[in-house]
Amino acid sequence: MASSAPTFKFTYQDYRNAPEDKRYELLDGDLVVTPAPGEAHQRASRNLTMHLAQWAELAGTGHVYAAPFDVVLSDTDVVQPDLLFVSNEREHIITKENVQGAPDLVVEILSLSTAERDQTFKRSLYAKHGVKEYWLVDTDAKTVTVLLKDPQGFTEVCVCGAGQTQDSLTLKGFTINPDEIF
C-alpha cells in the first residue's frame with residue numbers, strides 16, 4: 001500500500017526567517033519565490049503608485065504602499081501585492097512591519113511568472129479575506145481590469161484600455177486612467 005508524502009506547510013514565522021535577497025510570498029502554506037519584475041511592470045507600478053499616492057495625500061483618505069510590503073492575511077497566507085491602499089478608517093491594520101488583514105484595494109501587475117496565479121489563486125484569496133476592490137494591470141494589453149467584491153467573490157466592473165477611464169467605487173474621487181499608467 002503506497003502512502004502519500006507528508007505535506008509541509010510554512011508559517012508566517014518561517015516566512016519571516018527566509019533570506020532577504022529574494023521576494024517571497026506565502027500562499028496556502030507554500031513558500032513561493034517571485035522573480036524581479038521587468039521594465040514595463042516597473043514603469044506601470046511607478047506611474048500608478050505616483051498617481052494613487054498623490055490622490056490619497058490630497059484627498060487625505062488613506063495610505064498607499066508599493067511592493068515589497070507584506071500583507072498578512074492569515075498565518076499561512078502572506079502576500080506582497082504590487083500596490084495596495086488602506087483607508088484611514090482601517091489604518092489600525094497597518095503595523096511597522098506589515099499590514100495585518102485585507103487592504104481596501106489591491107493591485108497586481110501581471111507578468112509571465114505571476115499572471116495565472118494573480119488571476120486565479122490570488123483573486124480567490126483576496127475575495128476570501130475581504131479585499132473590496134482588486135485591479136489586474138496588463139502591461140501587454142495596456143488594460144486595467146477592475147473587480148469589486150461581492151458575496152460570491154469578485155465581479156468584473158470593467159476592462160479599461162487606452163482612451164477610457166473608470167471611477168473607483170472604493171476610492172471615491174479616484175479615476176483609473178490607463179493612459180497615465182502605460
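This is a predicted model: local features need pLDDT of at least 70, side-chain atom pairs count only at pLDDT 80 or more; totals for chains, interfaces and linings use all residues.
I started with strand S6, residues 83–87. Five of its five residues are buried, so S6 is largely enclosed by the rest of the structure.

**Entry 1**

I looked up which way the side chains of S6 point. Leu83, Phe85 and Ser87 point one way. Leu84 and Val86 point the other way. All of them are buried.

Next I looked for the strands beside S6. Strands in a sheet pair through backbone hydrogen bonds, and the pairing is either parallel or antiparallel.

Which sense does the pairing of S3 and S6 have, parallel or antiparallel? Strand S3, residues 62–66, pairs with S6 in the antiparallel sense. I found five bridges between S3 and S6. Gly62 stands opposite Ser87 in S6.

Strand S8, residues 105–109, also runs antiparallel to S6. Three bridges join S6 and S8. Here Leu83 stands opposite Val107 in S8.

**Entry 1: the whole sheet**

Six strands form an open sheet, in the order S3-S6-S8-S9-S10-S11. The pairing in this sheet is mixed. Its edge strands are S3 and S11 (153–160), and each pairs on one side only. From one strand to the next, the twist averages 15°.

I checked one parallel pair too. S8 and strand S9, residues 133–138, pair in the parallel sense over five bridges. Glu108 stands opposite Leu136 in S9.

**Entry 2: helix H4 on the sheet**

What does H4 lie across? I found H4 across S8, S9, strand S10 (143–150) and S11. H4 runs at about 120° to S11.

Helix H4 covers residues 121–129. In this helix Lys122, Leu125, Tyr126 and Ala127 are buried. Just after H4, Gly130 takes a positive phi of about 95°.

**Entry 3: aromatic pairs**

I searched for aromatic rings that pair. How many aromatic pairs does a search of the whole structure find? It finds six. A pair of rings is described by the distance of the centres and the angle of the planes.

I looked at Trp55 and Phe85. Their ring centres are 6.0 Å apart and their planes lie at 50°, so the pair is tilted. The pair links distant parts of the chain. Trp55 is in helix H2 and Phe85 is in strand S6, 30 residues apart. Both Trp55 and Phe85 are buried.

My next pair was Tyr126 and Tyr134. Their ring centres are 5.1 Å apart and their planes are at 70°, so this pair is edge-to-face. Tyr126 and Tyr134 are both buried.

I also noted a cluster. Ring pairs link Trp55, Phe85, Trp135 and Phe174.

**Entry 4: the nonpolar cores**

I looked up the largest nonpolar core. It has 23 residues. Leu73, Val79, Val99, Tyr126, Tyr134 and Phe154 have the most contacts inside this core. Strand S4 (71–74), S6, H4 and S9 are the elements that give two or more residues to it. The largest share comes from H4, with three residues.

I took Val99 as an example. I left aside neighbours within four places in sequence. Val99 is then in contact with Phe69, Asp70, Val71, Val72, Leu84, Val86, Ile93 and Ile94.

I found a second, separate core of 21 residues. Among its members are Val64, Val137, Leu171 and Ile181.

**Entry 5: Thr49 in helix H2**

I moved to helix H2, residues 39–59, where Thr49 has its place. What does the side chain of Thr49 reach? It reaches the backbone oxygen of Ser45 at 2.6 Å. Not counting residues up to four places away in sequence, Thr49 touches Ala66 and Leu83.

**Entry 6: Gly60 in a loop**

Last, I looked at Gly60. It lies in the loop between H2 and S3. Is Gly60 buried or partly exposed? Its relative accessibility is 45%, so Gly60 counts as partly exposed. The cut-offs behind that step are under 20% for buried and over 50% for exposed.

Gly60 touches Trp55 and Asn88, with residues up to four places away in sequence not counted. I also compared Gly60 with Arg23, 37 residues apart along the chain. Their C-alpha atoms are separated by 31 Å.

Terms used:
Residues are numbered from 1 along each chain as its sequence is written. Side-chain values use heavy atoms; hydrogens and water are left out. Helices (H or I, at least four residues) and strands (E, at least two) are DSSP runs, numbered from the N terminus. A polar contact is a pair of N or O atoms within 3.5 Å; within protein, one must be able to donate a hydrogen and the other to accept it, and residues adjacent in sequence count only if both atoms are side-chain atoms. Contact means heavy atoms within 4.5 Å. Buried means under 20% relative accessible area, exposed over 50%, partly exposed in between (1.4 Å probe, protein chains only). Two strands pair if DSSP finds at least two bridges between them. Rings of Phe, Tyr and Trp (its six-membered ring) pair if their centres lie within 6.5 Å; planes under 30 degrees apart count as stacked, over 60 as edge-to-face and the rest as tilted. Axes are lines fitted to C-alpha atoms, for helices over the stretch in contact, and angles run from 0 to 180 degrees between N-to-C directions. A nonpolar core is a set of buried Ala, Val, Leu, Ile, Met, Phe, Trp, Tyr and Cys residues joined through side-chain atoms within 4.5 Å.
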